[in-house]
Amino acid sequence: MELFDILGTNGNVIGRASRKECHSKSFLLHGVVHVLVFRSDGRIILQKRSETKDIQPGKWDTSVGGHIASGESTEEALERETLEELGISKVKYTKLYSYIMTSEIEKELVTSYSCVWDGPLLAQEDEIDELRAFSAEEIEERLGTGCFTPNFEDEWRYYLEWENKEIKAS
């Protein structure tokens, strides 16, 4: 049984619960990692979720996204998920931001990172139907059309806010 740490509002672990418990409208706050994988030309790799997924099948989603297992650090989950989903290892990550995402079935503390990767990608067969590099313009044109998961659309807005703050700070 897959277990997740349950988090308090300050991010401290206050308990444990199963995946099923966390995804059954209990709104137990649990951690996930997202990685935005960019090509050096600025395009972002997105994954098309498998049609067999129980949540948002067949929609384009964040490059990498996964739950943090009970007892696992954010950094351990980051490395594990990136290797499992895309076959990427030994890459330099930049921590971007954290936010709370609430859907109709769950509540997650998302910690987002980015990296640049121009090497080959190896999609996790049972989870991903396709990988594709999108330009920012292509993403903007398709927002709100149902092409992307609501999770990714939220992530994209957070990323653009972060990027604008970085530009202003430099």
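This is a short tour of a predicted model, going from a helix to its salt bridges and then to a strand.

Before you start clicking, note that residues are numbered from 1 along each chain as its sequence is written. Because the model is predicted, local features need pLDDT of at least 70 and side-chain atom pairs count only at pLDDT 80 or more, while totals for chains, interfaces and linings use all residues; side-chain values use heavy atoms, with hydrogens and water left out.

**Stop 1: helix 2**

Select residues 74-86, which make up helix 2. Helices here are DSSP runs of H or I with at least four residues, strands are runs of E with at least two, and both are numbered from the N terminus. The end C-alpha atoms of the helix are 18 Å apart, in agreement with the 18 Å that its 13 residues should span at 1.5 Å a residue. That expected span is 1.5 Å times one less than the number of residues.

Now colour Ala77, Leu78, Glu81, Thr82, Glu85 and Leu86, the buried residues of helix 2. Buried means under 20% relative accessible area, exposed means over 50%, and partly exposed is in between (1.4 Å probe, protein chains only). Look down the helix axis: these buried residues fall within an arc of 125°, so they line one face of the helix. The arc is taken from the directions from the axis to the C-beta atoms.

What covers them? Show strand 3 (29-38), strand 4 (44-49), strand 6 (64-67), strand 8 (107-116) and strand 9 (128-134), which are included in that cover; contact means heavy atoms within 4.5 Å. Just after the helix, click glycine 87, which has a positive phi of about 75°.

**Stop 2: salt bridges**

A salt bridge puts a side-chain nitrogen of Lys or Arg within 4 Å of a carboxyl oxygen of Asp or Glu. Arginine 80 forms one with glutamate 81, with the closest N and O atoms 2.8 Å apart. Glutamate 81 is buried, with a relative accessible area of 7%.

Arginine 80 also bridges to glutamate 84, at 3.6 Å between the closest N and O atoms. These two residues lie 4 residues apart in helix 2, about one turn. Glutamate 84 is partly exposed, at 37% relative accessibility.

Next, go to arginine 49 and aspartate 61, whose side chains meet in a salt bridge of 3.4 Å, N to O. Arginine 49 sits in strand 4 and aspartate 61 in strand 5 (residues 60-61), so the pair ties together parts that are 12 residues apart in sequence. Both residues are buried. The whole structure has 9 salt bridges.

**Stop 3: strand 3**

Finally, select strand 3, where 10 of the 10 residues are buried, so the strand is largely enclosed by the rest of the structure. Leu29, Gly31, Val33, Val35 and Val37 point one way, and His30, Val32, His34, Leu36 and Phe38 the other.

Its partners are listed here; strands pair if DSSP finds at least two bridges between them.

- Strand 8 runs parallel to strand 3 over 10 bridges, and histidine 34 stands opposite serine 112.
- Strand 6 is antiparallel, joined by 4 bridges, with valine 33 partnering glycine 66.
- Strand 4 is antiparallel too, with 2 bridges; phenylalanine 38 partners isoleucine 44.

End at the hairpin of strand 3 and strand 4, which has 5 residues between the strands; in the turn, glycine 42 has a positive phi of about 95°.
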